[in-house]
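The report below looks at charged side chains and their surroundings, and it should be read alongside the structure shown here.

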Amino acid sequence: MGIFDYKNLGSEGSKALFADAMAITLYSYHNLDNGFAVGYQHNGLGLGLPATLVGALLGSTDSQGVIPGIPWNPDSEKAALEAVQKAGWTPISASTLGYTGKVDARGTFFGEKAGYTTAQVEVLGKYDDAGKLLEIGIGFRGTSGPRETLISDSIGDLVSDLLAALGPKDYAKNYSGEAFGNLLKNVADYASAHGLSGKDVVVSGHSLGGLAVNSMADLSTNKWAGFYKDANYVAYASPTQSAGDKVLNIGYENDPVFRALDGSSFNLSSLGVHDKPHESTTDNIVSFNDHYASTLWNVLPFSIVNLPTWISHLPTGYGDGMTRIVESGFYDQMTRDSTVIVANLSDPARANTWVQDLNRNAEPHKGNTFIIGSDGNDLIQGGKGADFIEGGKGNDTIRDNSGHNTFLFSGHFGNDRIIGYQPTDTLVFKDVQGSTDLRDHAKVVGADTVLTFGNDSVTLVGVGHGGLWADGVVIG
């Protein structure tokens, strides 16, 4: 059972659903956070914060900011379309659906009723080689708008956020039906005409879009002739949670928006630490970014009104970090409430910051901890318990504090170092095909301190007696 396993799809089926839902969700934003994401990666939140904010607005030669029309920016919206098409999805037009409501030039659908007109959603299809429709994807957009109308649309969405939190009663629950009742009927009719059922529909969204996912799940039995009652619902960073387990609610523990509302209503913890576990939510996944790692940034209380904490809410941080969890060799060992630390540091911070479980502003973490590195050169530190550490593709340095850790090196890892390695630790190696047979892939070199895999190597510093271990088997 993996951390994102859903319904009875099994591990591989759940991974495929996650990938589809994430691709649709990221497309719904049209790369709006591209400038901030690239600026943060290059400059961080420390002394580089001004450059990060400039990148968010103006972009650069390798990113597009929120202000449109900057001539040296790449077309990140075009890149968003190419990415979702690469994932197998193609936008479905209003004319194809027989829909006459408001649609912009990109094919994004807007809310239908007064008070919901800034709500936005994408409808996409997945086809086989012969052009037969196989699945439909529905991606709700979070609080924001197109670059051209970002401020006005965001204000409208913020009003929706406040109404969901403070009233009227059941506003959050009815959100999707009020905003897109007619469109979703057209989609259901179109799907039925092509021989599809609700089981062939993927519904996803992030933030306010995640609220829309939970709303649609709540309404699915009694609206739209029950067509969507068996659809697959995946929400990212949603402030609300649908009753039961119909929705898979995925989020970072240190995301100030995720689980901010108790079901669908505001309470005092919404302004502070809201780490209450729910049946449908992941509860202990941490985005280890510059804000989380910094003692200075954490002097101010963790709160939804503390703007720097929102770095953990960015769609790109979800797309990259959560995908590394799905692709981890430890995935099947993670349960819904496992503690998972995901390295999301900027380049400047990564050089001198140890990725570890700080357990900040949250309920106490229990059980095993999984630490997932990035593609960069990470510094990773295990705790006193039995941690599972996967460095990633960079040249990582891993510090062992317990002697009971499991280190996973999978695929094309870099030239890594393990400091304080002890023979009670476990080394697990997987090649790109997933094999753990070392005979064709590794050898012990020198004084039993370096393992080499082709041009890659793992240096063990402080090796004790008893040999080296791989997947529980002594090899030296």
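A residue is called buried when its relative accessible area is under 20%, exposed when that area is over 50%, and partly exposed in between, with a 1.4 Å probe and protein chains only. By this rule Lys 113 is partly exposed, because its relative accessible area is 41%. The model is predicted, so local features need pLDDT of at least 70 and side-chain atom pairs count only at pLDDT 80 or more, while totals for chains, interfaces and linings use all residues. Residues are numbered from 1 along each chain as its sequence is written, and side-chain values use heavy atoms, with hydrogens and water left out.

**Salt bridges**

Side chains of opposite charge can pair when their charged atoms come close. A salt bridge here is a side-chain nitrogen of Lys or Arg within 4 Å of a carboxyl oxygen of Asp or Glu, and a search of the whole structure finds 16 of them.

| Glu 148 | Arg 106 | 3.0 Å |

Helices (H or I, at least four residues) and strands (E, at least two) are DSSP runs, numbered from the N terminus. The salt bridge between Arg 106 and Glu 148 ties together parts that are 42 residues apart in sequence, since Arg 106 lies in the loop between α5 (94-97) and β2 (109-110) and Glu 148 in the loop between β4 (133-140) and α6 (150-166). Arg 106 counts as partly exposed at 28% relative accessibility, whereas Glu 148 is exposed at 52%. Both residues also belong to a network of salt bridges that links them with Glu 77 and Arg 147.

Glu 178 is partly exposed, at 27% relative accessibility.

Leaving aside neighbours within four places in sequence, Arg 259 is in contact (heavy atoms within 4.5 Å) with residues including Ser 238, Glu 253, His 274 and Asp 283.

Strand β7 pairs in the parallel sense with β6 (residues 232-236) over four bridges, where pairing requires that DSSP find at least two bridges between two strands. Val 247 in β7 is the bridge partner of Tyr 233. Both faces of β7 are covered, with Val 247 and Asn 249 buried on one side and Leu 248 and Ile 250 buried on the other.
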